[in-house]
Amino acid sequence: MLTIRLFCAAGMSTSLLVRKMEEAAAAEGTEVDIIAFPVGEMDQHLDGVDVALLGPQVGYMKAQMQKTAAAKGVPCDVIPMADYGMVNGKNVLAFAKKLANK
Amino acid sequence: MGDFIQNTILPAFMKFVNTRGVRAIKDGMMFTMPLIIVGAVYLLLFQLPIEAAANFITSLGIVPFLSHGYTSTFQIIAMVCAVGVGYTWAKNEGWEPLSAGVISLAVFLILIPDYIGAVVTTADGAATISAVDTATAAEAAAVDGAMATTVSGLNKTWLAGQGMIGAILAGLASGCVYSMFMAKDIRIKMPEGVPDGVAAAFTGLIPAAVICTGAVVVFGICEAIGGVTPIEVIYRFVQTPLQGLGDSLVGVTIFEALIPILWFFGVHGATVVGSVTQPIGLANQAENAEIFNKLISQGVPRDQAVFQIGAEGGHIFTEAFCNCFQAISGSGITLGLVIFMTFFAKSAQLKQVGKLGLGCGIFNINEPVLFGTPIVLNPKLIVPFVAAPLVSNIGAYILTDIGFMPYTMGVTVPWTTPPVLSGLLCIGWQAAAWQLLTLVASFFIYLPFARSVDAEYLALEGDSAAA
């Protein structure tokens with residue numbers, strides 16, 4: 001089971017990506033638990049999480065958010081812009097898996 | 001150039017946006033949203049634009065109740081703002097936040113007058129109630145042989161629009177000092193074995209004593225030296241100049257151009273610019289609502305009152321104005337681009353992005369378009385991306401200024417409300433028509449630029465298919 005949390009400005013635009021990632025995971029038979037939240041609430045949604053991903057529009061908060069995530073031992077990085085824009089669930093899922101295994 | 005902005009200017013800018021104060025303001029003000037929207041619904045109900053419907057509501061006899069509901073929700077947003085900002089500051093610092101919010105509320109109430117007027121008894125014994133501000137009360141009392149007695153009460157003048165900046169300052173100061181006390185561990189500690197709930201009750205005691213006393217001292221100094229309350233000083237010297245920023249075409253143009261320019265660099269422009277413009281927009285909106293309500297109670301018909309708000313000191317630039325014209329179909333008003341991509345583009349990439357963007361575009365969300373097209377860091381689309389929202393906002397500003405479009409009168413909707421519907425609900429058919437026109441225009445604004453991007457992608461796709 002891979003627990004992924006996505007964070008963007010309001011948690012709205014990212015919810016489309018969540019659906020696509022769930023579809024991609026189902027297609028390759030990976031069990032996932034993915035939810036999107038506003039980045040401001042990140043500290044409350046890190047317990048038991050394998051990987052935290054940031055939307056590129058809040059990429060400017062990367063350093064600060066990585067610190068927050070690191071405090072709970074959660075790897076955190078910014079989703080590549082093109083994959084985010086094209087809502088490429090498969091690529092983002094692969095990105096999350098790679099981060100989580102680090 | 002791009003590197004310089006990305007590595008030097010943006011980080012400095014982001015440092016400001018992510019300071020504790022700005023974050024506290026941005027998130028703290030969110031607590032007022034439910035009250036504003038609920039209050040606006042009451043306002044709308046007892047000021048229905050259709051006469052038959054308005055008469056029906058009046059005949060039910062519920063207007064006083066709706067009005068009471070409105071003043072107790074919408075018209076207390078400054079108070080809520082004080083709580084929210086203080087609460088958020090302490091929460092972001094990791095301390096028990098409600099105490100900080102409660103202290104902020106007390107500080108805000110200390111800053112505003114503790115009387116609602118004065119009963120002035122003249123020499124011949126006639127009594128009149130007048131004066132809601134200190135200066136007028138003093139003036140009235142100065143009349144020969146007159147006696148003035150202040151009437152104490154919660155002065156509603158300052159609880160919404162006019163008290164907004166004072167409330168934010170109260171929240172910031174309380175949140176900041178409270179967090180400092182917590183960080184230095186200056187608090188009353190309970191011996192072990194005392195239940196947590198009891199101990200928590202004493203946590204805020206020392207900071208509350210210090211912060212509230214500080215506010216009382218400030219109140220005393222203002223009263224003793226200038227015969228005014230601190231909120232009047234803040235309103236005159238801080239809030240009024242700030243509101244002036246939004247009250248000019250130049251100010252609005254700068255705000256609206258900054259949003260797409262920040263997005264071009266991949267930064268969520270609306271969030272960043274909003275941290276500055278939202279306090280102004282909310283204060284302006286509450287003031288417009290007060291003016292509108294006053295005009296209506298003076299017997300001005302609704303359809304005239306909405307145009308007279310400006311002449312009575314109201315504002316064009318409000319929260320509702322932003323929600324209606326700033327980012328309809330998403331930042332940069334990308335609906336025109338999305339329609340081109342979905343129905344006219346030949347390259348596979350643009351077609352795909354268009355399909356993804358259409359559904360969320362209706363609800364003013366366009367991240368797939370911004371990052372998928374992409375618009376971010378793409379110099380080929382920056383011109384229409386900045387131009388389209390400027391056309392929308394400058395046009396709406398001028399249309400309001402010349403008296404074609406009504407002023408916003410307090411009603412607002414969540415920013416995800418589809419355009420045309422949002423204009424109709426917040427302002428009227430004039431705004432809905434302008435939104436529709438802007439959306440159509442956006443197609444033609446993006447068209448030449450989008451065509452060239454499409455041709456370029458098509459050539460690239462052809463190359464890779466042939467290879």
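What share of the 467 residues of chain B count as buried? In this predicted model, the figure is 44%, where a residue is buried if 20 or more other C-beta atoms lie within 10 Å of its own, exposed if 12 or fewer, and partly exposed in between, with C-beta atoms placed from the backbone. Residues are numbered from 1 along each chain as its sequence is written, while chains are lettered from A and ligands numbered from 1 in the order in which they are written. Because the model is predicted, local features need pLDDT of at least 70 and side-chain atom pairs count only at pLDDT 80 or more, whereas totals for chains, interfaces and linings use all residues.

Chain B contains 22 helices and 3 strands; these are DSSP runs numbered from the N terminus, with helices (H or I) of at least four residues and strands (E) of at least two. Of the contacts in chain B with a separation of 6 or more, 73% join residues 24 or more positions apart, a contact being a pair of residues whose C-beta atoms, placed from the backbone, lie within 7 Å.

The largest nonpolar core comprises 144 residues. Such a core is a set of buried Ala, Val, Leu, Ile, Met, Phe, Trp, Tyr and Cys residues joined through C-beta atoms within 7 Å. At least three of its residues come from each of domain 1 (21–111 + 158–231) and domain 3 (254–466) of chain B, the bounds being those of an automatic or database domain assignment. B:Ala78, B:Cys81 and B:Ala82 have the most contacts inside this core. Leaving aside residues up to four places away in sequence, B:Ala78 touches B:Trp158, B:Leu159, B:Ala160, B:Gly163, B:Met164 and B:Ala167. In soluble globular proteins, nonpolar side chains tend to be buried together.

Helix H20 of chain B (382–401) has 20 residues and reaches 29 Å from its first C-alpha to its last, close to the expected 28 Å; the expected span is 1.5 Å times one less than the number of residues. Its buried residues include B:Phe385, B:Pro389, B:Asn393 and B:Tyr397. B:Ala396, also found in H20, is buried, with 25 other C-beta atoms within 10 Å. Beyond four places in sequence, B:Ala396 touches B:Phe321, B:Phe325, B:Met405 and B:Trp434. The C-alpha atoms of B:Ala396 and B:Phe325 are separated by 7.3 Å, although the two residues are 71 apart along the chain. Just after H20, B:Gly403 takes a positive phi of about 90 degrees.

Most residues other than glycine have a negative phi, and most peptide bonds are trans. The loop between helix H19 (367–372) and H20 of chain B holds B:Pro374, and the peptide bond from B:Thr373 to B:Pro374 is cis, with omega near -15 degrees. B:Ser329 has a positive phi, near 65 degrees, and is found in the loop between helix H16 (319–325) and helix H17 (335–343) of chain B. With 29 C-beta neighbours inside 10 Å, B:Ser329 counts as buried. B:Val420 has a positive phi of about 75 degrees and lies in the loop between H20 and helix H21 (421–426) of chain B. B:Val420 is partly exposed, with 19 other C-beta atoms within 10 Å.

Key. Two residues are in contact if their C-beta atoms, placed from the backbone, lie within 7 Å.
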